[in-house]
Amino acid sequence: MTGFTESALVKRLTDLNTSQQSIQTLSLWLIHHRKHHPTIVKVWFREMCKAKEHRKLMFMYLANDVIQNSKKKGPEFGKEFGTVLPKAFEHLKGFDDKTRRQLSRLLHIWEDRGVYDKTQIAELKAAFTDLIKDSGTPPPRKRARLDTEKIKKERKERKKSETEVEVDGTKELHVTLSPRTPAGDPPETEELIKALMDLENTASSDAGVRERIASLPPEVSEVSLLANLADRAAADQLSVAVNEAAALLADYNGRLQAEMEDRRRLLTMLRDYTLAQRQLLQQAQSTLEDYKEKLKKVCAVRTEVKSHISNLPDLTQLPDVTGGLAPLPSAGDLFSMH
């Protein structure tokens with residue numbers, strides 16, 4: 001992941017677009033740099049207020065993505081965004097019906113998911129109330145029917161946007177507001193390295209245990225050989241061997257199962273890490289192309305400056321009466337001449 005600076009954040013917010021990939025990439029980057037959450041939220045609000053009207057809803061989508069998907073990392077973003085969201089909703093007064101519907105839906109989702117408590121939701125709704133302008137009030141019975149249909153429709157829409165994911169062994173419902181939310185956070189580089197190193201001493205690479213299993217007598221796994229038992233002592237001896245073999249195999253199978261889970265987790269980590277790196281690579285390539293163009297322009301200006309300098313007269317020398325060049329007189333020479 002690239003390092004965090006305020007100017008880098010402003011650049012990323014400026015480049016943000018409504019595509020799923022764009023919001024996912026920036027959301028993952030912000031969550032990765034969550035220790036800078038006060039600066040991130042401050043800059044987010046400032047740039048949201050400065051953005052053009054058609055881009056403001058995109059900033060709200062980004063905030064929602066960060067708030068909901070950072071919960072498993074910690075509450076920092078939820079608390080920090082909570083301090084500026086009332087001002088954000090207040091800022092969005094007077095926008096078109098589509099934007100108001102999306103913002104209202106966002107509040108319903110936060111309320112249903114418990115993203116913010118009832119007091120905070122009430123505060124946000126208070127800032128949001130003025131956004132809704134009724135053209136007329138229907139009769140009570142009709143209004144109740146419309147409200148019921150509206151609630152059913154909103155619930156149906158929300159259900160379609162819900163995705164069940166497993167986070168640290170616990171299943172959670174993540175809500176997708178157009179565009180979709182990311183499937184997972186990219187791991188820290190150190191976390192990925194540790195997971196790779198942990199696989200150096202796995203059950204499948206334990207040659208000692210595999211050799212012990214291979215050397216087990218055939219009597220412990222072949223039922224047909226039980227007919228060869230001669231007496232009770234031999235049967236007792238075989239029973240002990242079978243119990244030891246069963247314990248050895250059960251333990252080894254458990255280790256293999258745990259290894260499989262570790263490898264699945266590593267596969268997911270590698271996928272998320274690769275996706276994030278690919279997206280960051282694309283951004284770096286785009287940035288590089290921009291600065292290559294700037295370098296070309298600077299080099300062109302440098303060439304022109306050199307050309308102009310070579311054509312300018314040398315003011316350190318003046319022509320003398322004989323047509324040659326003479327050095328400029330010093331201050332002392334001027335007084336002597338006077």
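## Helices, their packing and their charged pairs

Among contacts in the chain between residues at least 6 apart in sequence, 72% join residues at least 24 apart. The model is a predicted one. The chain has 338 residues, and buried residues make up 30% of them. It is built with 12 helices and 4 strands.

Start with how helices pack. Two packed helices are described by the angle between their axes and the distance between the axes. Take helix H3, residues 37-50, and helix H4, residues 53-69. Their axes lie 9 Å apart, at an angle of about 160°. Angles over 145 degrees count as roughly antiparallel, so H3 is roughly antiparallel to H4. The crossing of these two helices is left-handed.

Which residues make this contact? From H3 come Trp44, Glu47, Met48, Cys49 and Lys50. They meet Lys56, Phe59, Met60, Leu62 and Ala63 of H4. By class, the contact of H3 with H4 has 7 nonpolar residues, 3 charged residues and no polar ones.

H3 also packs on helix H5. The axes of H3 and H5 come within 9 Å and cross at roughly 15°. Angles under 35 degrees count as roughly parallel, and H3 and H5 are therefore roughly parallel to each other. Here the crossing is right-handed. On the H3 side, the contact is made by His37, Pro38, Ile40, Val41, Trp44, Phe45, Met48 and Cys49. On the H5 side, the residues are Glu76, Phe77, Glu80, Phe81, Val84, Leu85, Lys87, Ala88 and His91. The contact of H3 with H5 divides into 12 nonpolar, 2 polar and 3 charged residues. Trp44, Met48 and Cys49 of H3 take part in the contact with H4, and these residues also take part in the contact with H5.

Now follow H4 to another partner, helix H6. The axes of H4 and H6 come within 11 Å and cross at roughly 10°. That makes H4 roughly parallel to H6. H4 supplies Leu57, Met60, Tyr61, Asn64, Ile67 and Gln68. H6 supplies Thr99, Gln102, Leu103, Leu106, Ile109, Trp110 and Arg113. By class, the contact of H4 with H6 has 8 nonpolar, 4 polar and 1 charged residues.

Is Pro86 buried or exposed? Its relative accessibility is 15%, so Pro86 counts as buried. Which residues does Pro86 touch, leaving aside those up to four places away in sequence? They are Glu123, Leu124 and Ala127. Leu124 is 38 residues from Pro86 along the chain, yet their C-alpha atoms are separated by 5.2 Å.

Next, the charged pairs. Side chains of opposite charge can pair when their charged atoms come close. How many salt bridges does a search of the whole structure find? It finds 11.

The side chains of Glu47 and Arg46 meet in a salt bridge, at 3.3 Å from N to O. Glu47 counts as buried because its relative accessibility is 10%. Arg46, at 32%, counts as partly exposed. The pair belongs to a network of salt bridges that links Glu6, Arg46, Glu47 and Lys50.

A second pair is Lys125 with Glu111. Their side chains meet in a salt bridge, at 3.0 Å from N to O. This pair links distant parts of the chain, 14 residues apart. Lys125 lies in helix H7, residues 118-128, and Glu111 lies in helix H6, residues 97-113. Lys125 has a relative accessibility of 31%, so Lys125 counts as partly exposed. Glu111, at 37%, also counts as partly exposed.

Glu261 forms a salt bridge with Arg264, and the closest N and O atoms are 2.8 Å apart. Both residues are in helix H11, residues 232-311. Because they are 3 residues apart there, Glu261 and Arg264 are separated by about one helical turn. Glu261 is partly exposed, with a relative accessible area of 40%. Arg264 counts as partly exposed at 44% relative accessibility.

Definitions and conventions:
Residues numbered from 1 in each chain as written. Predicted model: local features only at pLDDT ≥ 70, side-chain atom pairs only at ≥ 80, totals over all residues. Heavy atoms only, no water. Axes fitted to C-alpha atoms, helices over the stretch in contact; angles between N-to-C directions. Parallel < 35°, antiparallel > 145°, perpendicular 65-115°, else oblique. Left-handed = near helix turned anticlockwise from the far one by under 90°. Contact = heavy atoms within 4.5 Å. Nonpolar A, V, L, I, M, F, W, Y, C, P; charged D, E, K, R; others polar. Salt bridge = Lys/Arg side-chain N within 4 Å of Asp/Glu carboxyl O. Buried < 20%, exposed > 50% of the residue type's maximum accessible area, 1.4 Å probe, protein only.
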